Each structure stands twice: as structure tokens, then as C-alpha cells.
Amino acid sequence: MGILEKIAEIEREISRTQKNKATEYHLGLLKAKLAKYRAQLLEPSKSAGAKGEGFDVMKSGDARVALIGFPSVGKSTFLSLMTSTASEAASYEFTTLTCIPGVIEYKGANIQLLDLPGIIEGAAQGKGRGRQVIAVARTADVVIMMLDATKGDVQRELLEKELESVGIRLNRLKPNIYFKPKKGGGLSYNSTVPLTHCSEKLVQLILHEYKIFNAEVLFREDSTPDEFIDVIVGNRVYMPCLYVYNKVDQISIEEVDRLARRPNSAVISCGMKLNLDYLLETLWEYLALICIYTKKRGERPDFNDAIIMRRGASVEHVCHRIHRTLVGQFKYALVWGTSTKYSPQRVGLTHIMEHEDVIQVVKK
């Protein structure tokens, strides 16, 4: 029996098993087996096949955004509108067959946008180059899921299922579980909160499935067995996702209103160029980027050339970006902007910068 058949059989078993107190151990074991087989499926085959065309693109710019969606939802049209790259768009499916990169220039930042081929059902098992598409999506900072507003919620559910099965967790935080395998001493199990989904016996069963008999486990939140399995496997990617509904000019205004009010969603029309500026603004928020301007002593700040950093960056990070030897010669910095109590404020290396702050570094 191949891996795909085993996965299908376990999924059938899970769907026909009733969820109650008596079956939770059985379901936990099945989920652990399922995660194990899916991990095997994603491993590249040992035999080297014929070398195909390169798929991944070199990371460039300040951030990377991947466009994921079913064929013919408007991904290539969106790329052509937002960037200066022309991606072929036509009214038939699978117009795009490889990864096409473009660059969005916004607020002084260069954001790399990747137009990926359309995903079809069963992509996680390798259908329609699905594995390569999903592998590129794992390297992105934010995923834009392009959906056809005329097709309802079917596309969104199928895409979420495909990404979930390859270890991409959308708009979720990493489970707060401490897990450390040990050489001996058996299982040490503790929790700082009352647990309603996992018990010590279930944790032990799941660990035995992965041939782990000695480990330290500490639950700091009420997590499900699935989240505990994610922590054991350790190769899960937690990333923000923006659901973008295209072709809203073809549906009623009530439906547009309903879609727009959903969490993590935006409605656009590439054909009529509607709401694209709002989408860019939302994308900037999701990427958590900030602009920092530099200033020389006795001169005006340089507002044309911003340093793009991640939210939460300190003065030390800014110094490293300017030059790697600057931290060694650092005496203090003067900062103007919203991160200070008064302008200019004399700060040290640990001061956290905010969007559109101005910094002047004074050396020893």
C-alpha cells in the first residue's frame, strides 16, 4: 500500500469516527500517523529525476509576498497591474506555468511579488506542480490568497486544506508548548493552565508514535492534539495570509459588503482597477515594515532614501544596516519621531524605532 492510499484510509477512518471522550486517544493516534505520512510525502524522492526548469526565484527586496490561488482567478492580471512586470494573462486555465517575480515599489520599500501557477485540488500530493508552488509559498513573508468572488467559499476551503496538509498555518500563532527530547528519564509532563483537549496519556501515545520515549513537555496554553503534533514535527510555518476576493464587479453589493467585512479579507476588481490602493495599504500593515530616515550633523534629513526595517527594530539593527562596524564606534544616537518622549531624544542601542523616525548616529 502506497503512502497516498494510507493517507486516504486514515482520513476516511477519522471522518467516520465519532468525536467524544472515549475516542479521543484513537483520534490522537490517527492524527499523529497522518502527520507522519504527510511528512514522508513531502520528502524529495531519493532517485534523481530529469532536471526540470528552475522554479524558485532568488529572494530580493525588503519583503516577499506569494500569490496563491486556483487557475484563472486573476493572479497574473494583479501582478501586471501592481508591478512593471508583464505576466501573460488569458481566459484559459494554467496560463502561468512557472514562478514569475515582480517588484512593488511602495513607501520607499521594494516588495517582491511572486506570481505562482494555479493550485488545483490534490496539489499537496504533487498534482499540477503543486509541491513546487507550495515550497515557494513557504519562503514568503505574507501569502495573498486570490479568490474568485463569484465562486463562493469553496476555493478558500480547498486552498486552506491544501496548505494545512503541507505544514503552512495561516493567521495562527505558534503553540506555546515547551518540548525537548531527552536521553533518558522517561516523560516529564506539566501544564500551567487547565487542559481540556490533551491528557498525559494522549501526549504519551502521540510521542510513542514518533518513537520518542524520553522528553520534557510543558503546556503553557490549552492546545489541541494537532497543535502538539505541529510542535513535535517542528517544520511548520506560521505566516499571515490576506484573502483577496477578485471580480467583485460581477456580484451584488450585499455580497461585496459581506466579503469585505470578513477578517483578513479585501475585495478588489483587477478588471476595473477597484480598491487596489486599500489592498496595498493592508499589505504594508501585514508585512510589518517601517521606514527610518537618516540625518547628518548640521544637515536636513534625507527623506528620499529610507532604510526599511521590520517593526520592533532597535537602534542597533539600524546601525548594522548602515554599516557593520558602526556598532563598535557607537557613542549615542539622536532620534526625532513618535518613538521618543521629546525631539530630539538621546538614546542608546536598545531603543526601539517606529515608522518614519529620523536618526542621527554620533560616533566615539
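Which residue in β10 is the bridge partner of M145?

Tutor: Happy to! This is a predicted model, in which local features need pLDDT of at least 70 and side-chain atom pairs count only at pLDDT 80 or more, while totals for chains, interfaces and linings use all residues. Residues are numbered from 1 along each chain as its sequence is written, and side-chain values use heavy atoms, leaving out hydrogens and water.

In β10, M145 has Y243 as its bridge partner. Strands β4 (residues 142-148) and β10 (residues 241-246) pair in the parallel sense over 6 bridges; pairing requires that DSSP finds at least two bridges between two strands. Helices (H or I, at least four residues) and strands (E, at least two) are DSSP runs, numbered from the N terminus.

Now the whole sheet: it is open, with 6 strands in the order β2-β3-β1-β4-β10-β11 and mixed pairing. β2 (100-106) and β11 (265-267) stand at the edges with a single partner strand each, so one side of each has no neighbour in the sheet.

Helices pack on this sheet too. Helix α3 (residues 75-82) touches β1 (63-69), β2, β3 (109-115) and β4, and its direction makes about 160° with that of β3. Helix α8 (residues 253-260) touches β10 and β11, at about 150° to the direction of β11. Contact means heavy atoms within 4.5 Å; axes are lines fitted to C-alpha atoms, for helices over the stretch in contact, and angles run from 0 to 180 degrees between N-to-C directions.

Finally, look at F78: among the residues it touches are L67, L113, I144 and M146, not counting residues up to four places away in sequence.
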